[in-house]
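Keep the 3D view open while you read, and find each spot as we come to it.

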Amino acid sequence: MEDLSIIVGVIGNIISVLMFLSPTGTFWRIFQRKSTEDFDSLPYICTFLNSSLWTYYGIIKPGAILVATVNSFGVLVETIFIVMFLIYAPAKMKARTGILVSIIDVGILAAALLVTQLFMKDDVRIDIVGFLGAGLNIIMYGSPLGIMKTVVTTKSVEFMPFFLSLFMFLNGGVWTFYAYLVKDIILGIPNGTGFLLGTAQLLLYAIYRDKKPSKSTYSDGLEGGSSWQQEPLLQASSQAQPQGVLSEP
């Protein structure tokens with residue numbers, strides 16, 4: 001059983017790495033144009049915090065090194081993405097990014113580390129850090145709900161990329177299975193949520209992939225407030241996702 005959990009964990013690491021790298025095309029575009037255009041930095045800032053918490057969880061929980069390794073890679077990737085926002089974003093977005101990084105990635109993360117290290121011990125510390133990571137993970141896994149609504153409204157999967165949905169399905173499924181093998185319910189709940197949402201996206205893709213939106217439904221989708229043309233590829237809980245994660249175990 002232990003050997004199987006290691007194999008599943010390694011597979012989960014590979015899939016999670018691909019998800020972390022999914023916005024690379026966007027940032028190559030940003031680099032070429034020297035501008036972040038209308039993309040928002042908040043999703044990447046939240047993913048940095050999420051990856052940092054799970055890295056911490058993987059370090060302090062015995063036998064969870066595979067959770068730490070993939071999320072430490074996520075921390076590195078999100079750091080690069082955030083730095084690019086600080087370099088190429090317009091002045092207003094650059095200032096907003098700096099403020100959000102200070103509050104979320106420095107303030108909240110530092111507070112979580114200090115409180116759990118100074119005032120908690122052993123299993124309590126592990127559980128609290130796990131609950132924090134799981135809560136943020138569920139919020140981020142729930143973020144595609146907006147784009148799923150857009151798909152149903154416009155009857156088009158144009159802005160719900162198949163491979164992103166597939167990787168969400170695989171990532172959630174593999175890490176849920178891993179959580180079952182190592183009996184880690186804290187890891188299992190958020191990834192089980194991601195697995196179910198990934199399944200729902202694939203079902204929507206199967207239903208609407210060959211359908212072309214009519215002008216009326218297309219316009220209705222726009223007027224309904226999805227505003228996906230100006231939204232980031234990786235989104236926070238209130239944003240749609242046009243091209244591609246956050247997400248990690």
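## Inside helix α1

Let's begin with the residues of α1 that are tucked away: Ser5, Val8, Gly9, Gly12, Asn13, Ile15, Ser16, Met19 and Phe20 are buried. Buried here means under 20% relative accessible area, while exposed is over 50% and partly exposed is in between (1.4 Å probe, protein chains only). The cover over these buried residues of α1 includes α3 (42–60), α4 and α8 (162–181). Helices (H or I, at least four residues) and strands (E, at least two) are DSSP runs, numbered from the N terminus.

Helix α1 itself runs over residues 2–20, which is 19 residues, and spans 26 Å from first C-alpha to last. That's close to the 27 Å expected at 1.5 Å a residue; the expected span is 1.5 Å times one less than the number of residues.

## What kind of model this is

This is a predicted model, so local features need pLDDT of at least 70 and side-chain atom pairs count only at pLDDT 80 or more, while totals for chains, interfaces and linings use all residues. Residues are numbered from 1 along each chain as its sequence is written, and side-chain values use heavy atoms, leaving out hydrogens and water.

## Annotated stretches

The UniProt record, an unreviewed entry, carries the annotation "transmembrane region" for residues 6–30, 42–59, 65–87, 99–120, 126–147, 159–179 and 185–208. UniProt positions are given in the numbering used here, feature names are shortened, and annotations may be inferred rather than shown by experiment.

Take two of those stretches in the model. Residues 65–87 are 100% helix and 0% strand, with end C-alpha atoms 33 Å apart. Residues 99–120 are 95% helix and 0% strand, and there the end C-alpha atoms lie 29 Å apart.

## Rings that meet

How many aromatic pairs does a search of the whole structure find? It turns up 11. To pair, rings of Phe, Tyr and Trp (its six-membered ring) need centres within 6.5 Å; planes under 30 degrees apart count as stacked, over 60 as edge-to-face and the rest as tilted. Phe27 and Phe81 are a stacked pair, with 4.0 Å centre to centre and 5° between the planes. Phe27 belongs to helix α2 (residues 24–33) and Phe81 to helix α4 (residues 65–88), so this pair ties together parts that are 54 residues apart in sequence. Both Phe27 and Phe81 are buried.

Phe27 has another partner: with Phe85 it makes an edge-to-face pair, 5.8 Å centre to centre and 75° between the planes. This pair also links distant parts of the chain, with Phe27 in helix α2 and Phe85 in helix α4, 58 residues apart. Phe85 is buried, as is Phe27. Ring pairs join Phe27, Tyr44, Phe81 and Phe85 into a cluster.

## Charges that meet

By the rule used here, the count is 3 salt bridges. A salt bridge is a side-chain nitrogen of Lys or Arg within 4 Å of a carboxyl oxygen of Asp or Glu. Glu37 bridges to Arg29, with the closest N and O atoms 2.7 Å apart, and to Arg33, where the closest N and O atoms are 2.6 Å apart. Glu37 is partly exposed at 27% relative accessible area, and Arg29 is partly exposed at 31%.

Arg96 and Asp40 meet in a salt bridge too (2.6 Å, N to O). This pair links distant parts of the chain: Arg96 is in helix α5 (residues 91–119), Asp40 is in the loop between α2 and α3, and they are 56 residues apart. Is Asp40 buried or partly exposed? Asp40 counts as buried, at 10% relative accessibility, whereas Arg96 is partly exposed at 33%.

## Loops with a positive phi

Go back to Glu37, which lies in the loop between α2 and α3. Glu37 has a positive phi of about 50°, although it is not a glycine.

Lys155 has a positive phi as well, about 55°, and is not a glycine either. Look for Lys155 in the loop between α7 (145–154) and α8. Lys155 is partly exposed, with a relative accessible area of 38%.

## Around Leu204

Leu204 is in helix α9 (residues 185–208) and is buried, with a relative accessible area of 13%. Leaving out residues up to four places away in sequence, Leu204 touches Met148, Val151, Val152, Val157 and Met160, where contact means heavy atoms within 4.5 Å.
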